[in-house]
Amino acid sequence: MIHKKRKVNTGGTLETMIGAGTTIKGDITFEGGLRIDGTLEGTVSAPDGSGSRLVISDQAEIRGEVKVPNVVINGRVIGNVHASERLELHAQSSVDGDLYYEVIQMEEGAGITGTCTHVSSTKEGKIGGPGTAKQITEKPGLLEGGGEETATSAPAKTESG
C-alpha cells in the first residue's frame, strides 16, 4: 500500500513584502503570503482557514498582535501571537508576548517571554480541544541543554533567551 504525504497549504508563495527600512503604523489584513523585513506598529491578521503565511525576517520587528494561521518568526515580536495552524520560532527569534498555536516548532536559541498555549482546531471535548490548554514552562538553561520541559495546568511564565 502506498501512502501519500499530506499536502499542507501554508501560503507557500509570498506575494507581498514589506522591505527593510520601511516602517508601517497601522493594521494589516491579508490573504496568501506576507514577508516583513521592516517594522510594523499594529495588528497583522489573516482569516483562519485561509492557509495564509506570515514570515517575519531576522531584520523585522512587529509591535502589535499577530493573528495568522501560519507564522514563521526569525525577528522580534512585541505582542501576542495567534497561529491557528502552525508556528515556527527560529533560533534568532524573540517574542515578548503570549503564544497560541495548533502546532509549534522551536529551534534552540529562540526567546519567549510569555505563556505558550496549545489551541486545537478539533471539536470540543476531545483531548487538546478548545478550552484545553497545555502550558509549557522552560527552566533556565533549557536552551543550553541544561533544563527540562514541564507541562502544568496553571498558567506559566516563560523566560528564555
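Predicted model: local features only at pLDDT ≥ 70, side-chain atom pairs only at ≥ 80, totals over all residues.

Biologist: Where is Ser93 found?

Modeller: Ser93 is found in the loop between β12 and β13 (94–96), in a protein that has 0 helices and 19 strands.

Biologist: Why is Ser93 counted as buried?

Modeller: A residue is called buried when its relative accessible area is under 20%, and Ser93 has a relative accessibility of 3%, so Ser93 counts as buried. Buried residues make up 40% of the 161 residues in the protein.

Biologist: What makes the approach of the side chain of Ser93 to the backbone oxygen of His90 a polar contact?

Modeller: The cut-off for such a pair of N or O atoms is within 3.5 Å, and the side chain of Ser93 reaches the backbone oxygen of His90 at 2.7 Å. Leaving aside neighbours within four places in sequence, Ser93 is also in contact with Ile73, Asn74, Gly75, Gly109, Ala110 and Gly111.

Biologist: Which residues lie nearest the centre of the second largest pocket?

Modeller: They are Asp48, Ala83, Ser84, Glu85 and Val119, from a lining of 14 residues, and about 200 Å³ of space lies in this pocket. The elements that give two or more residues to the lining are β12 (81–89) and β14 (99–106), and β12 gives the most, with 4 residues.

Biologist: How is the lining of that pocket made up by class?

Modeller: The lining of the second largest pocket has 5 nonpolar, 5 polar and 4 charged residues.

Terms used:
Residues numbered from 1 in each chain as written. Heavy atoms only, no water. Buried < 20%, exposed > 50% of the residue type's maximum accessible area, 1.4 Å probe, protein only. 1 Å grid on protein atoms, 1.4 Å probe; cavity = no way out; pocket = protein on both sides within 12 Å on 5 of 7 lines; lining within 4 Å. Points joined across faces, edges and corners; volume = space filled by probe spheres on them. Nonpolar A, V, L, I, M, F, W, Y, C, P; charged D, E, K, R; others polar. Polar contact = N/O pair within 3.5 Å; in protein donor to acceptor, adjacent residues only side chain to side chain. Contact = heavy atoms within 4.5 Å.
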